[in-house]
2 protein chains.
Amino acid sequence: MKREIERKYLVTGDGWREQAFKKVHFAQGYLNNAANPENKCSIRVRIEGDEANLNIKSMEIGISRDEYEYPIPVTHAQVMLEKFAIGPVIEKNRYWIEYEGFVWEVDEFLGENAGLVVAEVELEDEQTTPPLPDWVGREVTDQLRYYNVSLAQRPFSQWSEAEQQGEVS
Amino acid sequence: MKREIERKYLVTGDGWREQAFKKVHFAQGYLNNAANPENKCSIRVRIEGDEANLNIKSMEIGISRDEYEYPIPVTHAQVMLEKFAIGPVIEKNRYWIEYEGFVWEVDEFLGENAGLVVAEVELEDEQTTPPLPDWVGREVTDQLRYYNVSLAQRPFSQWSEAEQQGEVS
């Protein structure tokens with residue numbers, strides 16, 4: 001079990017692209033419906049380059065969440081995404097960028113979420129505020145609509161213009 | 001991936017007890033709600049003696065079903081059953097019995113399902129009819145209420161007398 005502490009930010013401009021030291025394509029979907037309040041965890045299947053995993057995470061929103069993750073064969077994940085996923089399969093490219101001792105993950109969404117780019121940084125504790133690269137904008141850690149579970153329900157293409165520009169909480 | 005072919009029967013009397021060569025205690029729960037038609041698979045966490053696993057199975061009912069199973073640490077399973085399970089955790093003792101070259105699994109349910117005893121046998125193909133021990137009663141392979149996913153929703157103690165006696169489909 002891992003207690004995950006991370007902050008999530010909007011990304012502004014394209015300055016991050018040339019700083020990335022790694023890029024991997026992700027396809028992921030959920031085996032349960034996060035919008036249904038009876039569910040106490042999210043259950044995600046992800047294909048990450050040539051690997052796959054199953055991720056079970058408590059449904060709390062915020063900086064710190066209970067999380068379990070297990071590697072599974074890619075062939076299993078492909079069948080699960082095709083047959084068992086609820087809602088659309090989310091596709092994105094993830095880029096890794098190092099900045100002043102912190103590693104940032106920038107997710108450039110594709111398909112129905114094209115146009116959305118968010119950055120996450122993992123932290124040692126909830127008090128840490130990381131140094132921010134100049135392409136990092138507003139923090140959205142506590143905003144539900146930017147979470148993958150939410151994007152599988154209501155993709156970026158369906159957001160209002162104000163929501164797309166990060167102007168509303 | 002494994003395509004599971006099995007038949008399920010009611011058990012009559014106690015004759016099977018002395019034939020068992022192995023007995024293990026099971027505690028299991030579901031991370032999603034089988035009664036919700038939006039779900040396309042069941043997701044089960046099981047502690048099986050001193051081991052645990054995560055099982056993902058297509059929601060079809062019948063002899064043959066798609067199934068994936070992964071071992072996980074018992075400590076993870078304990079937290080998941082406590083925090084993430086929907087509906088009651090099912091407890092049962094499973095007994096293994098060999099009869100004329102076939103291995104039978106007899107599940108003696110406990111707690112809210114006490115009184116229910118069912119036997120399952122795994123088969124090579126859907127056409128095989130196994131030789132039946134004399135403690136095996138009526139076949140219930142196609143009867144939804146005997147499945148663990150159903151028992152987690154509506155336990156044996158809530159069945160009508162006719163249902164408990166296996167008199168209705």
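## Symmetry of the two chains

Chain B is superposed on chain A by a rotation of 180 degrees, with 0.0 Å of shift along the axis and an RMSD of 0.0 Å; the superposition is by least squares on the C-alpha atoms of residues with pLDDT of at least 70 in both copies. This is therefore the relation of a two-fold axis. The residue of chain B that comes closest to the rotation axis is Asn32(B), whose C-alpha atom is at 3.3 Å. The same surface serves both copies, since 100% of the contact residues of chain B recur in chain A.

## Basis of the model and confidence

The structure is a predicted model, in which local features need pLDDT of at least 70 and side-chain atom pairs count only at pLDDT 80 or more, whereas totals for chains, interfaces and linings use all residues. Residues are numbered from 1 along each chain as its sequence is written, and chains are lettered from A and ligands numbered from 1 in the order in which they are written.

The predictor's confidence in each residue is expressed as pLDDT, from 0 to 100. Chain A has a mean pLDDT of 91, with 95% of its residues at 70 or more. Within chain A, the lowest confidence is in helix 2 (residues 148-151), with a mean of 83, and the highest is in strand 7, at 97. Helices (H or I, at least four residues) and strands (E, at least two) are DSSP runs, numbered from the N terminus. The model as a whole scores ipTM 0.71 and pTM 0.74.

## The interface

Contact between two residues requires that their C-beta atoms, placed from the backbone, lie within 7 Å. By this criterion, 20 residues of chain B are in contact with 20 residues of chain A. On the side of chain B that touches chain A, at least two residues are supplied by each of strand 3 (41-48), strand 4 (51-58), strand 5 (64-72) and helix 1 (74-83) of chain B. Helix 1 of chain B gives the most, with 4 residues.

The residues of this side of chain B comprise 12 nonpolar, 5 polar and 3 charged. In this division, Ala, Val, Leu, Ile, Met, Phe, Trp, Tyr, Cys and Pro count as nonpolar, Asp, Glu, Lys and Arg as charged, and the others, Gly among them, as polar.

In soluble globular proteins, nonpolar side chains tend to be buried together. A nonpolar core is here a set of buried Ala, Val, Leu, Ile, Met, Phe, Trp, Tyr and Cys residues joined through C-beta atoms within 7 Å. A residue is buried if 20 or more other C-beta atoms lie within 10 Å of its own, exposed if 12 or fewer, and partly exposed in between, with C-beta atoms placed from the backbone. The largest nonpolar core has 42 residues, of which Tyr30(A), Leu31(A), Tyr30(B) and Leu31(B) touch the most other members.

Tyr30(A) belongs to strand 2 (residues 20-30) of chain A. Tyr30(A) counts as buried because it has 24 C-beta neighbours inside 10 Å. Not counting residues up to four places away in sequence, Tyr30(A) touches Ser42(A), Ile43(A), Arg44(A), Ala85(A), Ile86(A), Gly87(A), Val149(A) and Ala152(A). An unreviewed UniProt entry places the feature "active site" at Tyr30(A); UniProt positions are given in the numbering used here, feature names are shortened, and annotations may be inferred rather than shown by experiment.

## Leu54(B) in strand 4

Leu54(B) is located in strand 4 of chain B. It is buried, with 23 C-beta neighbours inside 10 Å. When residues up to four places away in sequence are not counted, Leu54(B) touches Val45(B), Tyr70(B) and Ile72(B). Leu54(B) and Ile43(B) are 11 residues apart along the chain, and their C-alpha atoms are separated by 7.2 Å.

## Loop residues

Glu100(A) lies in the loop between strand 6 (86-99) and strand 7 (102-109) of chain A. It has a positive phi of about 45 degrees although it is not a glycine, and it is exposed, with 8 other C-beta atoms within 10 Å. In chain B, Glu100(B) likewise has a positive phi, near 45 degrees.

Pro131(A) is found in the loop between strand 8 (117-122) and strand 9 (136-139) of chain A. Pro131(A) is exposed, with 10 other C-beta atoms within 10 Å. Its contacts, not counting residues up to four places away in sequence, are Tyr99(A), Glu100(A) and Phe102(A). The C-alpha atoms of Pro131(A) and Glu100(A) are separated by 7.0 Å, although the two residues are 31 residues apart along the chain.
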